[in-house]
Amino acid sequence: MKRNLVVLLISILMTMLLIASPAMAEGENIFRTSFNSGDIPSIDQALVTDFIGIQLADEMTVGLLRQNEETGELEPGMAVEWTASDDKLVYTFKLLEGIPWVKYNPDTDAVEEVKDCAGNTRYVTAKDFVYGVERTLRPITASGYAFLVNQSIVGAADYNAGTTTDFSTVGVKVLDDATVELTFIEDGVFNLNIVSMWMMHAMPSWLIDGDDCNEGVAERWTESGVYEGYGPFTLKEWVHDSELTLIANPFWLGTDAVPQPKLASVHYDLIGDVMALSEYEAGNMDYAVIPSGDYDRITTDPAYTDHLIYRPTSIGTEWLIYNPWLAPTDDLRVRLALSYAVDKDAVVKAVKAGETAPYFINPAVAGAPKREDYPDLGIMYDPVKAKALIDEYCAEKGILPADVKLIYSYSTSDQNKLRAEAVQSMWQTNLGITVELQNSEWAVFKVERREGLANVYRSSWVQDYMDANNFTADVFLCPGGAYQPITDWPSVECKDVSDPVYVKYAEIIKAAGKEVDAAKRAELYAQSEDILMKETAIINPLNWNNSYVLMNPRITAPVSITGYERWEKWEVK
């Protein structure tokens, strides 16, 4: 009897300990991760421009098509089928029906269907997709990705510019509740990729603009307790500058491409990489980037053997932008000197993340030149050439290298700080110049970078679709390239596009986008890279984004080659 009592007491004690454990309190059905540069700038599909916002928007809403994370190929999203006209300019998409808009109710701690003015469930319709595109294109929205819609959809550019206020002139139409029609400017291999992107997802007009029974809340629609979505997850809570949590949407019907989620929730702590690693080691985090100061310890510790994953943290490139309108980087020789003075291998070794990038286009995307085919492409370390260039500049100006001062600005993170300090040391040692470092949180930094008050800016480009066109035309071309307002090349606001070097670059890129021969296409993109790095020297790529990360072995997930995850396919062992 006494033995049975002891067993019973031990059993009760063990149960109490399990209940008291934070992980067990969550049912161990949550993925816990972090974001390392202050608050998340936005989760509004029309305003998202960065990696974290894209990841979140893609989980809370679903586009007509969706990029498969394991292959990079497109598959059905909200469109169950689609057809094209003979000239491939007009596409008709039939929508998945019966998908309700949902929101998290903090009072009931549950995800609930959104009701219309008559008390009926609001389902996602073609009208919601057309509204989403219209809102993205409104001039007042100032969408950072409207340019891609402008480049592809008939009439979009004029509506976005305010030349016309008649949206019926735009090639985005409602045929019926379950049918959307899109008309493209020209037949392009990238058209369907653009259709899949977040800024063309459905959006809730009644919530943003208002209707007969709702007062529009405008940009506040993405706040906790207000947000409405329809994807496999929806927003549970967003405490700005602190944390964000997604919760599984039980009303997402699930498809072969986008199944019902197995995870109960995804939680972000908005903390730096060093603190995130501490939380990981304490068992409070399921994913962590390894800070350089801990890299050797973690990667050699047998306890983490099953936790280490070498993967593309994104299919992207870490790079520096040189300001060509502010002295001393307004001189080509200075920009080239800065590029040749950076030992990229040493930077990667110091940061302990990434793969040295002699050129910009990530080689993982279609059409990209491969290193084995172009071993001399791009710019690598040449301190002798760098010093000769800076000395020539100084001799012409009648100054000493020590008189050359510039500002390097970066977004706050432990890794970015270490990278900036490594580059600063190389420039000061190899060139004898003075380099001041400045940093600010990501949301603030993005605004400052467009103001152009520093000489050098840390930048990162991550694929929106797996093609070299996304690393070239979508980044640098006028009008509307994503980084054109930052590089201001060939001119501020693209007011003058007559620069013959730019004209040559644009012609090469446009030709490459239409080239069907893979070898010829890669050769064209290789030519374009030398223009950016040598003829104009407005950028200097540092690394492609591959590195070891820590992932809790209890999480099973498809291996993403795109850098973006599809959490609805994840589960806990």
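Student: What percentage of the 573 residues in the chain is buried?
Tutor: This is a predicted model, in which local features need pLDDT of at least 70 and side-chain atom pairs count only at pLDDT 80 or more, while totals for chains, interfaces and linings use all residues. Residues are numbered from 1 along each chain as its sequence is written, and side-chain values use heavy atoms, with hydrogens and water left out. Taking buried as under 20% relative accessible area (1.4 Å probe, protein chains only), the share of the 573 residues that is buried comes to 55%.

Student: Which residues have the most contacts inside the largest nonpolar core?
Tutor: A nonpolar core is a set of buried Ala, Val, Leu, Ile, Met, Phe, Trp, Tyr and Cys residues joined through side-chain atoms within 4.5 Å. The largest such core has 160 residues, and those with the most contacts inside it are Leu-56, Leu-182, Trp-427 and Trp-567.

Student: Which helix gives the most to this core?
Tutor: Helices are DSSP runs of H or I with at least four residues, numbered from the N terminus. The one that gives the most, with seven residues, spans residues 518–535 and is helix α19.

Student: Among the contacts in the chain with a separation of 6 or more, what percentage joins residues 24 or more positions apart?
Tutor: A contact means heavy atoms within 4.5 Å. Of the contacts with a separation of 6 or more, the part that falls to residues 24 or more positions apart is 68%.

Student: How far apart do the centres of the positive and negative side chains lie?
Tutor: Lys and Arg count as positive and Asp and Glu as negative, with His and the chain ends not counted, and each charge is placed at NZ of Lys, CZ of Arg, CG of Asp or CD of Glu. The chain has 46 positive and 86 negative side chains, and the centres of the two sets are separated by 3 Å.

Student: What are the rough dimensions of the box that the C-alpha atoms fill?
Tutor: Taken along the principal axes, the box filled by the C-alpha atoms of the chain is roughly 90 × 70 × 45 Å.

Technical notes:
Buried means under 20% relative accessible area, exposed over 50%, partly exposed in between (1.4 Å probe, protein chains only). Helices (H or I, at least four residues) and strands (E, at least two) are DSSP runs, numbered from the N terminus.
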